[in-house]
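Please look through the structure shown below before reading on.

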Amino acid sequence: MIGARDLFKIGIGPSSSHTVGPMKAAAVFVSGLAASGLVGRVARVSVTLFGSLAWTGRGHGTDKAVMLGLAGHAPETVDPDEADALAAAIAAEARVSLPGGSAVGFELVLDRTTCGLAHPNTLAFAAFDAAGDRLFTERWCSVGGGFVLREADLGRAQTGGTVVPFPFRSGTELLRMGEHAGLSIAGIVAANERALYPDAPPEAHLEHVASAMMACIDRGLRAEGELPGGLRVRRRAPQLLRRAEAASGSNSAPPHRSIDLISVYAIAVNEENAAGGRVVTAPTNGAAGVIPAVLRHWRDHCPGGGGPGGGGPGGGSGDGIAQFLLTATAIGALFKMNASISGAEVGCQGEVGVACSMAAAGLAAALGGTNAQIENAAEIGMEHHLGMTCDPIGGLVQIPCIERNAFGAVKAITAASLALAGDGTHHVSLDRVIATMRATGADMHAKYKETSLGGLAVAYAEC
């Protein structure tokens with residue numbers, strides 16, 4: 001069962017599939033070397049990136065990620081302020097110090113010609129001795145949201161593990177279980193989380209996640225200057241915030257002020273992500289701004305969230321935060337189990353689209369929606385992202401990714417509002433929308449799926 005700890009992971013930017021996943025795979029590879037007693041014999045390590053990782057890996061920080069992972073760093077603990085310098089030193093010397101071993105040679109290969117990959121985000125690790133003989137190899141796939149699998153395990157049913165009380169696999173099952181048990185969607189997920197982690201209450205983890213999300217917004221609202229990568233994209237969140245705050249104090253405050261603030265929150269997060277800062281996968285780094293922006297909107301501006309009618313923006317209700325994120329977890333799990341949250345597999349509909357669906361469901365729950373209304377909100381959120389391509393200019397998670405998160409957040413609030421205005425009855429189920437998203441992603445040409453070979457990425461180059 002996919003849970004909150006799977007979907008909401010704290011790491012560094014700019015990409016969960018290109019940065020967080022490869023860093024984790026590299027660290028596990030080194031652990032395998034150590035377990036085999038081979039670390040002391042290694043003279044050189046080679047990493048080969050295939051598919052989307054080869055085409056946009058440098059812009060997404062995959063080269064940095066594998067260096068840091070081989071050196072023993074983890075996404076959730078590495079200092080983002082030191083990460084660039086650590087990776088630059090490894091690249092300059094072409095040597096990396098393996099945990100438990102000495103400094104060995106390092107090379108990175110970008111393979112942009114191999115076809116027929118099991119997954120578009122594939123990377124291969126190989127360790128060699130001083131004579132050039134191959135000691136140890138592994139092939140990994142980064143399947144989105146920081147999830148990694150050995151290539152041989154792709155498509156295999158995962159067996160064993162903890163039995164959860166509500167093993168839902170579809171939206172229909174989720175609604176049926178809720179009705180039979182008399183539980184909200186959040187209650188169902190909470191029960192599963194307690195079974196999976198009996199010694200760690202889900203509320204504590206979710207408070208930690210929410211705190212990291214809010215801290216990311218706050219950092220993004222303070223940071224000025226250009227984003228790295230060569231596009232010369234300037235951070236706009238602080239300026240946009242100042243403009244929105246100035247307008248709120250005028251006699252002609254714009255009616256769209258709340259929309260402006262939601263957009264600013266999302267932009268702040270994704271500018272931090274693009275700069276390699278600490279973010280929360282929600283469910284991916286590329287879509288990391290949607291859920292925090294909607295959660296901040298609920299916390300600061302909705303009755304019950306700590307804003308107007310709730311006592312001021314003092315941090316929000318812990319129960320409400322848990323309800324929001326547990327509900328979002330259920331929706332994200334359905335997409336992960338039945339389709340994909342990887343832009344390299346299904347385009348940005350699997351990233352910002354899924355984040356919008358999760359956020360819409362979470363907000364509907366926090367505002368008192370029924371399970372049927374929550375499922376409707378999630379369906380609306382994805383329905384209007386179907387077919388969205390992933391075409392980052394220059395292979396960087398900047399244009400159109402940053403603004404795209406702002407639009408995803410606004411759509412999520414609209415979706416929740418529409419769903420709460422009804423009784424939960426609607427024509428197209430969430431399950432059908434998920435199936436449609438998966439089919440649309442399969443039909444989408446590879447050049448529109450995180451390769452920067454089509455769409456806006458090419459249009460910009462032609463200007």
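Phe136 is buried, with a relative accessible area of 17%, where buried means under 20% relative accessible area, exposed means over 50%, and partly exposed lies in between (1.4 Å probe, protein chains only). Phe29 is also buried, at a relative accessible area of 0%. This is a predicted model, in which local features need pLDDT of at least 70 and side-chain atom pairs count only at pLDDT 80 or more, while totals for chains, interfaces and linings use all residues. Residues are numbered from 1 along each chain as its sequence is written, and side-chain values use heavy atoms, with hydrogens and water left out.

**Aromatic pairs**

A pair of aromatic rings is described by the distance of the centres and the angle of the planes. Rings of Phe, Tyr and Trp (its six-membered ring) pair if their centres lie within 6.5 Å, and planes under 30 degrees apart count as stacked, over 60 as edge-to-face and the rest as tilted. A search of the whole structure finds two aromatic pairs, which are set out here.

| Pair | Centre distance | Plane angle | Class |
|---|---|---|---|
| Phe29 and Phe125 | 5.0 Å | 20° | stacked |
| Phe29 and Phe136 | 5.5 Å | 40° | tilted |

Phe29 lies in helix α2 (residues 16–35) and Phe125 in strand β5 (residues 122–128), so this pair ties together parts that are 96 residues apart in sequence; helices (H or I, at least four residues) and strands (E, at least two) are DSSP runs, numbered from the N terminus. The pair of Phe29 in helix α2 and Phe136 in strand β6 (residues 134–144) likewise links distant parts of the chain, 107 residues apart. Phe29, Phe125 and Phe136 form one aromatic cluster.

**Charges over rings**

A charge sits over a ring if NZ of Lys or CZ of Arg is within 6 Å of the ring centre and within 35 degrees of the ring normal. The charged end of Arg5 sits over the ring of Tyr197, 4.1 Å from its centre, and the charged end of Arg296 sits over the ring of Tyr265, 5.2 Å from its centre.

**Helix packing**

How do helix α8 and helix α11 cross? The axes of helix α8 (residues 202–222) and helix α11 (residues 290–301) come within 10 Å and cross at roughly 95°, where axes are lines fitted to C-alpha atoms, for helices over the stretch in contact, and angles run from 0 to 180 degrees between N-to-C directions. That makes α8 roughly perpendicular to α11, given that angles under 35 degrees count as roughly parallel, over 145 as roughly antiparallel, 65 to 115 as roughly perpendicular and the rest as oblique.

**A covered helix and an exposed glycine**

Helix α4 (residues 62–70) is mostly covered, as nine of its nine residues are buried, including Asp63, Lys64 and Met67. After α4 comes Gly72, whose phi is positive, near 100°. Gly229, by contrast, counts as exposed at 57% relative accessibility, and its place is in the loop between α8 and α9 (237–248). The C-alpha atoms of Gly229 and Ala83, 146 residues apart along the chain, are separated by 15 Å.
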